[in-house]
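Please open the model in your viewer and keep the selection panel at hand.

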Amino acid sequence: MAATSTTSSLGYAWRTLSVVSMASVLTGLGGSAINVALPEIARNTGAGATAAGWILLGYQLTTTVLMVVFGRLADLFGRRRMYLLGLATYTGAALLAGLAPNAWVIVALRVLQAAGAAMLLTNSAALVSDAFPRERLGEGMGVYVASFSIAGLIGPTLGGVLAESLGWRWVFWFNVPIGVICLVWGAVVLRRPPPGRRESGLDAPGSALVLLTLGGLLLALSEFSRLGWQHPVVLGGLAAFVVGLPLFVLRERRAAYPVVDMGLFRERAFAFGTLASFLNAVARMGMVFLVALYFQAVRGDDPVQAGLKVLPLAVAAMIASVTSGFLQRLLSARTLAVAGAATTTCGLTVMLAVMSADTPYPAVAAGLVLIGLGSGVFLPSNTTAILDGLPSNRLGIVNAMRLMVQNTGNVVGTGLVLSIITAPLPAALHQSVFAGTLAQLSGEAVGQLVTGYRWALGTMATISVLTVLACLARRKAT
């Protein structure tokens with residue numbers, strides 16, 4: 001009977017993983033396809049540098065800000081319900097984005113799509129952790145993270161092909177049939193939680209303070225390079241963060257059902273694990289976008305060619321993610337996280353060393369493979385180390401906290417990269433960078449952009465070194 005129960009439990013775990021992985025491929029495809037197709041979207045919608053940047057940043061900022069709130073709501077009302085609602089929201093917003101008349105409407109619909117993605121991402125790793133036995137969690141987490149790599153493998157090429165052959169609107173519309181299939185399969189597979197397992201109580205003031213504090217910080221970080229530190233929008237965002245943060249900490253210490261369990265950050269292993277997650281996100285975020293933009297703006301490639309040239313990163317990440325789950329039977333998740341972060345650092349260093357206007361493609365591919373291998377090992381291993389052993393009724397909020405920190409790193413990394421690569425260029429040429437047409441203008445401008453790339457890669461490599469140090473500190477703390 002015990003063997004039958006274990007087999008049944010594992011069967012449900014793998015079915016749950018299939019739902020989560022399909023939805024992860026869906027959201028990952030949407031993001032990686034838009035990264036490559038952004039120049040085409042910008043050209044056809046007349047988007048300036050600001051609007052083009054916010055098609056990416058608006059999505060990331062919204063996802064990050066809503067992460068903790070949806071994590072708490074999932075613990076209250078059930079992960080199944082929140083997950084299916086997220087799928088419906090994401091799919092509907094993709095349909096409407098393909099009908100958008102201009103770039104700013106796309107930005108607004110990407111914000112709505114981000115709300116759906118936040119519901120999905122908050123619950124994905126929690127669903128996997130809840131379904132798998134502890135001794136098999138590493139395998140499940142490895143496959144889950146590999147699903148994003150599969151999306152990264154297909155997405156750039158798909159985005160380029162759709163933008164070139166069918167038009168930019170199909171970069172959004174292809175999400176719709178996949179989303180409907182995921183929604184139906186999720187409704188069939190995911191179990192309704194038994195009564196009495198959910199916590200009660202919602203900290204509405206704390207949730208509002210999360211939106212104010214984190215939203216203000218991310219807005220300021222995203223816009224300072226374009227508007228300057230003295231602009232009212234940037235100053236307002238910083239003021240919201242400075243005023244809101246102490247109020248939030250005070251509120252959470254007194255709340256009966258806090259949005260964020262502040263006590264977790266007193267545990268050094270958790271604190272260093274989330275710090276490593278943040279730093280890794282800053283260091284590696286935007287690599288697909290950066291490299292795809294490099295081949296279009298510097299080398300003059302079309303979107304399809306650029307998409308094909310970033311495939312080594314996704315292939316390496318997919319292989320490493322799946323393999324990492326099985327490696328956790330031999331090595332601890334914490335040890336693998338250190339190895340992954342160190343490999344990512346090596347890849348960024350290689351990219352920095354070879355970056356020029358005429359770098360041979362094999363040299364770029366070598367750097368991408370190392371970054372992919374490092375990311376593929378680090379992400380599932382670090383996630384397993386953070387979530388392993390938590391009670392089911394806390395998985396949602398703890399995973400949301402992890403993702404909030406990680407996505408904050410994504411936003412910081414994207415804003416940092418976008419500002420650094422264009423810093424050597426005159427402001428009038430920034431739009432040509434995002435449209436992918438800079439290579440057609442002048443050799444001097446291309447040289448300035450390559451300088452910006454070197455600065456960005458040097459910054460990312462330095463931050464990646466800090467990721468390794470945070471991982472080592474976490475291991476010493478346990």
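Is the crossing of H3 and H7 left-handed or right-handed? Before selecting anything, note that this is a predicted model, in which local features need pLDDT of at least 70 and side-chain atom pairs count only at pLDDT 80 or more, while totals for chains, interfaces and linings use all residues. Residues are numbered from 1 along each chain as its sequence is written, and side-chain values use heavy atoms, with hydrogens and water left out.

**Helix pairs**

Select helix H3 (residues 79-97) together with helix H7 (residues 175-189), whose axes come within 9 Å and cross at roughly 165°. Helices here are DSSP runs of H or I with at least four residues, numbered from the N terminus, and axes are lines fitted to C-alpha atoms over the stretch in contact, with angles running from 0 to 180 degrees between N-to-C directions. H3 and H7 are therefore roughly antiparallel to each other, a term for angles over 145 degrees, just as angles under 35 count as roughly parallel. The crossing of H3 and H7 is left-handed, meaning that the near helix is turned anticlockwise from the far one by less than a right angle, whereas clockwise would be right-handed.

Next, select helix H2 (residues 49-77) and helix H4 (residues 103-131), which pack at an angle of about 30° with their axes 7 Å apart. H2 and H4 are therefore roughly parallel to each other, and H2 passes H4 in a right-handed crossing. By class, the contact of H2 with H4 has 19 nonpolar, eight polar and one charged residues; here Ala, Val, Leu, Ile, Met, Phe, Trp, Tyr, Cys and Pro count as nonpolar, Asp, Glu, Lys and Arg as charged, and the others, Gly among them, as polar.

**Rings and charges**

Now show the side chains of Arg110 and Tyr59: the charged end of Arg110 sits over the ring of Tyr59, 4.1 Å from its centre. A charge sits over a ring if NZ of Lys or CZ of Arg is within 6 Å of the ring centre and within 35 degrees of the ring normal. Moving to Arg191, you will find it over the face of Tyr12, at 3.7 Å from the ring centre.

A search of the whole structure finds six aromatic pairs, where rings of Phe, Tyr and Trp (its six-membered ring) pair if their centres lie within 6.5 Å. The rings of Tyr294 and Phe295 have their centres 5.1 Å apart and their planes at 70°, so the pair is edge-to-face, the class for planes over 60 degrees apart, with those under 30 stacked and the rest tilted. Both Tyr294 and Phe295 are buried (under 20% relative accessible area, with a 1.4 Å probe and protein chains only).

Select Leu293 in helix H11 (residues 287-298), a buried residue with a relative accessible area of 2%. The C-alpha atoms of Leu293 and Val36 are separated by 7.3 Å, although the two are 257 residues apart along the chain.

Finish in helix H15 (residues 361-387), where Asn382 lies. Asn382 is buried, with a relative accessible area of 2%, and its C-alpha is 6.8 Å from that of Gly273, a residue 109 positions away in sequence.

Definitions and conventions
Helices (H or I, at least four residues) and strands (E, at least two) are DSSP runs, numbered from the N terminus. Angles under 35 degrees count as roughly parallel, over 145 as roughly antiparallel, 65 to 115 as roughly perpendicular and the rest as oblique. Buried means under 20% relative accessible area, exposed over 50%, partly exposed in between (1.4 Å probe, protein chains only).
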